[in-house]
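Here is a friendly walk through a structure for someone who likes cut-offs stated plainly. Have the viewer open as you read.

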Amino acid sequence: MKTLAVMLKDLRLISRDHFGLAGLLVVPIVVIVVIAAATQSGDGSKGILLPVVNEDQGPVATALIRAFREHLDVREVTRSKAHHLVAEANDAAAALILPPELSKRYLAQKPSNVELLTDPAQWQELEAIKVVMLLADRETASLGDPFSQELLAVHELSITGDHLAFSSLEQNIPGFSLMFVLLTLIFSVSLALREEEVWNTSGRLWIAPVAPASLLGGKLLARLIVGTAQLLLLLIFGHFVYGLRLGHSPIAMIAVAIAVVAAMTCFAAVVAAFVRTREQAIPVGLAVAFVLASFGGLFWPVYDLPRSVQAIGKVLMTTWSMSAIQDVMFRERSLTGISTELLVLGAYGLTSFLIALRLFRYGDEAHS
Amino acid sequence: MMRRLTIIMAVWFALAGSAQAAAPLDYTRTILQQARTIVAGNQTHNEKLAALSALFGKFLDTDAMGREALGEHWSSFTSAQQKEFLDLFRELLQRTYVQKLLLFENPDFVYAGQQLTGNGATVDTKIVTPRDQFDVSYRLTRAGDNWIATAITVEDVSLTSNLGSQLSDLLTRMSVDDLLTLMRRKYGNPGGEVS
């Protein structure tokens with residue numbers, strides 16, 4: 001009987017938190033719908049960009065491009081633009097250079113070298129491109145190559161690093177490490193701040209002679225240090241256990257880890273400002289973490305998502321975080337090579353911190 | 001008197017015959033213009049392939065080209081193998097040539113000239129694209145009132161010689177039966193798609 005009374009009392013308490021109750025169902029449904037839409041309506045290989053430098057402009061190059069267009073998002077560009085898309089913007093995993101005289105040589109049954117400039121860090125897109133190239137080569141070879149001579153020899157050239165081979169671990173280890181750091185930060189920041197309210201620590205801190213920015217900043221700084229250590233240790237674990245490459249510059253890796261975790265910590269403070277109870281923190285935290293992870297390419301490569309989702313992904317902190325880590329690890333970039341990502345993540349962190357400072361009702365109870 | 005009349009009649013028929021036969025360049029132009037109409041048409045790729053194969057079936061002397069391509073290997077084939085080889089080679093050559101022609105979306109032919117040599121002729125043509133031009137020459141032999149192509153040269157490379165060197169290379173690595181099996185697998189379905 002007493003158990004029943006306790007249960008009824010707790011149910012009454014739970015039922016007072018309407019946002020928390022709604023969050024139990026609404027938030028997971030929203031996440032399921034969003035992720036299902038993102039993963040089921042993907043464009044497949046059609047979403048993969050393949051810049052083509054058509055220096056031939058002849059019938060064979062045209063036939064090849066037509067065959068590629070059946071499977072890929074082919075864009076005819078100049079050589080410098082192709083280099084930019086692969087090596088600098090990392091929008092494309094590879095660019096194909098169709099040399100001058102390709103058609104003449106092909107029609108005269110003379111072999112030609114076709115150059116494929118690659119970014120092996122985008123190895124999954126690259127694999128898909130190579131499969132499509134094989135198909136297109138077979139289709140085109142059947143047009144004028146009766147005994148399947150190798151009239152088109154593809155010369156692969158990595159323009160972003162020394163390594164040509166990658167595995168799914170290179171996607172999964174950094175991706176899941178980032179996802180867990182984000183999840184941990186959202187939960188730890190929001191739950192810790194709520195618990196301080198419950199214990200009335202917030203009230204006591206509010207009347208202390210410390211500016212709100214210093215107060216919030218100090219708390220987030222502690223999380224930043226823990227989160228950075230967590231991320232670096234997870235990557236080091238991946239390095240020693242699974243042979244994950246960490247790049248050539250430890251300073252760049254540490255800088256990226258700090259910038260990524262700083263952006264995530266400040267973002268976690270914004271999330272914390274919206275949740276009012278522990279019950280709300282869990283579904284909201286999970287929803288935010290899963291949506292950011294799936295849209296930002298932490299679970300699967302970005303090209304597998306519909307273009308609209310890819311466009312959203314371009315402005316997400318997780319996309320920039322993954323890109324910065326891949327730049328250091330696989331493209332072996334130095335500190336200057338990742339300056340854009342560091343600036344964007346820094347701006348993300350600062351903006352989030354200012355929003356959190358504005359929204360956060362820290363010490364509301366002491367005030368009232 | 002009768003003897004003189006017979007000679008006059010023979011000369012008249014010969015002249016009449018030669019007057020009826022089109023010039024090699026004109027005949028080639030007629031064939032290529034028909035090919036151009038097919039290539040530029042709205043048919044599917046396979047329908048164009050079939051139409052062009054039918055057109056070039058009467059223009060290309062694939063038996064002569066096949067024998068030339070095999071060269072010294074010809075004698076090592078039995079008569080049954082020779083017959084099957086020529087059947088498959090006809091399909092191979094037509095498809096190789098026709099598929100190359102189909103690479104051009106809207107081929108523009110230019111006729112550079114003709115050189116008459118005894119009973120034969122060489123017609124030089126160009127396929128002109130907005131950026132480039134491709135030299136294609138036809139060696140023709142008179143066949144009744146018409147002409148028949150016994151060799152095609154694309155960008156100074158003979159199609160027959162090229163196929164001949166590939167066949168020769170294959171025959172150093174495989175038997176005649178294996179070669180015929182390979183050709184049967186790729187070209188044993190006349191009118192079908194190239195595998």
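## A cysteine in a core helix

A:Cys266 is found in helix α10 of chain A; helices here are DSSP runs of H or I with at least four residues, strands are E runs of at least two, and both are numbered from the N terminus. This is a predicted model, in which local features need pLDDT of at least 70, side-chain atom pairs count only at pLDDT 80 or more, and totals for chains, interfaces and linings use all residues. Residues are numbered from 1 along each chain as its sequence is written, while chains are lettered from A and ligands numbered from 1 in the order in which they are written.

Is A:Cys266 buried or exposed? A:Cys266 counts as buried because it has 27 C-beta neighbours inside 10 Å. The cut-offs are 20 or more other C-beta atoms within 10 Å for buried, 12 or fewer for exposed, and partly exposed in between, with C-beta atoms placed from the backbone. Leaving out residues up to four places away in sequence, A:Cys266 touches A:Leu220, A:Gly349, A:Ser352, A:Phe353 and A:Ala356; a contact means that two C-beta atoms, placed from the backbone, lie within 7 Å. A:Gly349 is 83 residues from A:Cys266 along the chain, yet their C-alpha atoms are separated by 5.4 Å.

## The core around α10

The largest nonpolar core has 141 residues, and A:Val260 and A:Ala269 have the most contacts inside it. Such a core is a set of buried Ala, Val, Leu, Ile, Met, Phe, Trp, Tyr and Cys residues joined through C-beta atoms within 7 Å. Helix α10 (residues 250-274) of chain A gives the most to this core, 19 residues. At least three residues come from each of domain 1 (17-40 + 168-367) and domain 2 (48-158) of chain A, with bounds taken from an automatic or database domain assignment. In soluble globular proteins, nonpolar side chains tend to be buried together.

A:Val260 touches A:Leu178, A:Leu231, A:Ser321, A:Ala324 and A:Leu345, again not counting residues up to four places away in sequence.

## Helices α9 and α7

Which helices do the buried residues of α9(A) pack against? They pack against α7 (169-198), α10 and α14 (339-359) of chain A. Among the buried residues of α9(A) are A:Leu216, A:Leu220, A:Arg223, A:Leu231 and A:Gly238.

The 31 residues of α9 (residues 212-242) of chain A should span 45 Å at 1.5 Å a residue, and the end C-alpha atoms are 44 Å apart, which agrees. The expected span is 1.5 Å times one less than the number of residues. α7(A) has 30 residues and reaches 42 Å from its first C-alpha to its last, close to the 44 Å expected.

After α9(A) comes A:Gly243, whose phi is positive, near 70°. α7(A) is followed by A:Asn200, also with a positive phi, near 65°.

## Positive phi in two loops

Two residues other than glycine have positive phi and sit in loops.

## Chain B and its side of the interface

Chain B has seven helices and five strands, in the order α-α-α-α-α-β-β-β-β-β-α-α along the sequence. Of its 195 residues, 30% count as buried.

19 residues of chain B are in contact with 16 residues of chain A. On the chain B side, α5 (79-103) and α6 (159-173) are the elements that give two or more residues, and α5(B) provides the largest share, six residues. That side has 10 nonpolar, five polar and four charged residues; Ala, Val, Leu, Ile, Met, Phe, Trp, Tyr, Cys and Pro count as nonpolar, Asp, Glu, Lys and Arg as charged, and the others, Gly among them, as polar.

## Confidence

The model scores ipTM 0.70 and pTM 0.64. Chain B averages a pLDDT of 82, and 86% of the residues score at least 70; pLDDT is the predictor's confidence in each residue, from 0 to 100. Over residues 7-19 of chain B, pLDDT stays under 50, and the model has zero contacts there beyond four places in sequence. Where pLDDT is low, the predicted coordinates should not be read in detail.
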